[in-house]
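Hi,

Here is the model I promised to pass on.

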Amino acid sequence: MAKHGLVRDLYLPNSSPFAKLLDSCLRSRSARGTRRVHARILMTQFSMEIFIQNRLIDVYGKCDCLDDARKLFDRMPQRNTFTWNSLISVLTKSGFLDEAARLFGSMPEPDQCSWNSMVSGFAQHDRFEESLEYFVKMHREDFLLNEYSFGSALSACAGLMDLNMGTQVHALVSKSRYSTDVYMGSALIDMYSKCGSVACAEEVFSGMIERNLVTWNSLITCYEQNGPASEALEVFVRMMDCGLEPDEVTLASVVSACASLCALKEGLQIHARVMKTNKFRDDLVLGNALVDMYAKCSRVNEARRVFDRMPIRNVVSETSMVSGYARAASVKAARFMFSKMTQRNVVSWNALIAGYTQNGENEEALRLFRLLKRESIWPTHYTFGNLLSACANLADLLLGRQAHTHVLKQGFEFQSGAESDIFVGNSLIDMYMKCGSIEDGSRVFEKMKERDCVSWNAIIVGYAQNGYGAEALQIFRKMLVCGEKPDHVTMIGVLCACSHAGLVEEGRHYFFSMEEHGLIPLKDHYTCMVDLLGRAGCLNEAKNLIEAMPVNPDAVVWGSLLAACKVHGNIEMGKHAAEKLLEIDPWNSGPYVLLSNMYAELGRWGDVVRVRKLMRQQGVTKQPGCSWIEVESRVHVFLVKDKSHPHRKQIYSVLKMLTEQMKRVGYIPDANDFEAYDEQSKSE
């Protein structure tokens, strides 16, 4: 006790020396010292003094001695409002909110401080609804709301993303003396940002008389998280022009905006600024933002250099690298980084699963999901989005249905909110449609609680791709009636539906009415129209449309016209389309094959030989045909002239038998088949 300078005389005029000793214990966070001071107080005439006992409760609580604080409170024969407030404050800060609520309920006369403790305590521990309930009751009881009340209430509104309640709190702030307070303005910007109301955040910022660094940071973060991210960079420049120096929060938000925009040049400039300032070089959050920025800008080597220089790393740093490697198609490097992680969370798993899916390694994505389940990691909606994408890519209906079962067990309701899961429903529709299960896809669509534009697009495109053109157009009309605005993808689905159903007039109408929906036809829409007109035999109209395109037609457009020319036997236009195709992609075997088949249909064998000779001279080789079937949950892939299958002898034996049977009933090989003709020529 000597080090605390305890006065030996027990007959002191007041308890101030003990209060000072307790302050000293609080500064050093000494629970032992607090108990020793308490023991000495018990030997004095101040042992029952409310002031010093209140001080003891407060210090015990701040030194994490909650039991000591409770015991002292329970033993006090007399208590005042400060006594109750001290213990309530200790309980709320320690997370014992239910106990604090019971104590508050039994308090004889709560004051402004008591109410603020409840509002802030519940807000700090993410029990936002209860925090707002106390705030409303406090206002109803006519207690004066101050900056602490408003700040906690706005934090709760932000946590709930409750824009309506946040606007009401803003109205109360506007009527109070805190309407021009810079900290209150920053809190309002933050609340509107987290509620997704960028316009309101801008309005608050514009109306502020005084701004500080926190204010600017709040607006920059608002744009970075809600978009447009380019505005975050512009606000940052304005802030610098006002003479304010950025801190690590500013720089991390700006770097994240650069990542969203893939703005490598600006990201490099911010990185250079970071390296010039010692206090920023080793900042963990800023380092993570830089790794993520370089990874999203496809500069994985630079991301790795930043990662390797970081003195401290966490799961976010490592996950950013996993995601960066996956994005750069270095899935092996991503897996190696993942395997070396000391700590993994579901975001890490999602990053690797997404990497496998995006790089076409769908089977590995599914294996990784099974491993995730075995390790008792709780999957999120992003996990299922990637899982369903892998099932769709494999066109594996059985696996897709198993994934759907997991989705149902997870309790997703396909609705918007803090964690919107609508896109899981969209992924289910897409998966079922790509697997050809129209009924299942339609059922998911009908049962979704909420739908967005992607939901409508998935069902329209799904119907169109599966040949249900009339049904796709019916859904489109229903979409317009529901007030959902179509986008470019919607119109691609509509035009494909018209093409598959042979609805030429409807296709023309929808194509030329795109501007009514605020859409300008893109290259893909022209391709759909060329396909539609080509299928219907309107070859001259299709050619004129290609030549009227506002952008240079690509190989897909000319390929569509060439295929239509083959179907309708228009050799001259087909030759023109083939020439255009070869100008764009001289190494593509497709135009040669189609043109050769067209000549073969007309019996122009000399031209067939000329095309094949030209192919050889140009060094162009035809890509072999490929097909696959699934037998007992195993996919078997076959290429033309493939002899690598383990059961090839049995397969070729059956094929030989089938060929002989076909010849006996009058089968003659199709001379239009380029492969068949090639084989026949070799045998001759």
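Predicted model: local features only at pLDDT ≥ 70, side-chain atom pairs only at ≥ 80, totals over all residues.

Residues are numbered from 1 along each chain as its sequence is written, and side-chain values use heavy atoms, with hydrogens and water left out.

Let's start with α7, residues 112–124. Helices here are DSSP runs (H or I, at least four residues), numbered from the N terminus. Of the 13 residues, 10 are buried (under 20% relative accessible area; exposed is over 50%, partly exposed in between, with a 1.4 Å probe and protein chains only). Trp115, Met118 and Phe122 are among them. The cover includes α5, α6, α8 and α9. Just past the helix, aspartate 126 has a positive phi of about 65°.

Next, α28 (residues 453–465). Here 10 of the 13 residues are buried, so the rest of the structure largely encloses this helix. Trp456, Ile459 and Tyr463 are among the buried ones. At its start, a side-chain oxygen of aspartate 452 comes within 3.1 Å of the backbone nitrogen of valine 454. Glycine 467 follows α28 and has a positive phi, near 90°.

On to charges: there are 25 salt bridges (a side-chain nitrogen of Lys or Arg within 4 Å of a carboxyl oxygen of Asp or Glu). Asp23, Arg55, Asp58 and Lys62 are linked in a network of them. Within it, aspartate 58 pairs with arginine 55 at 2.8 Å, N to O, and with lysine 62 at 3.2 Å. Aspartate 58 and arginine 55 are both buried, whereas lysine 62 counts as partly exposed because its relative accessibility is 32%. Elsewhere, arginine 401 bridges to aspartate 440 at 2.7 Å. Arginine 401 is in α25 and aspartate 440 in α27, so this pair ties together parts 39 residues apart in sequence.

Last, the surface: tyrosine 667, one of the residues of a nonpolar patch, sits in the loop between α38 and α39.

Cheers

Conventions: Helix = DSSP H or I, 4+ residues; strand = E, 2+ residues; numbered from the N terminus. Expected span 1.5 Å × (residues − 1). Contact = heavy atoms within 4.5 Å. Patch = residues over 30% accessible without salt bridge, like charges linked within 9 Å, V, L, I, M, F, W, Y side chains within 5 Å. Areas by Shrake-Rupley, 256 points an atom, 1.4 Å probe, with all protein chains shown as cover. Polar contact = N/O pair within 3.5 Å; in protein donor to acceptor, adjacent residues only side chain to side chain.
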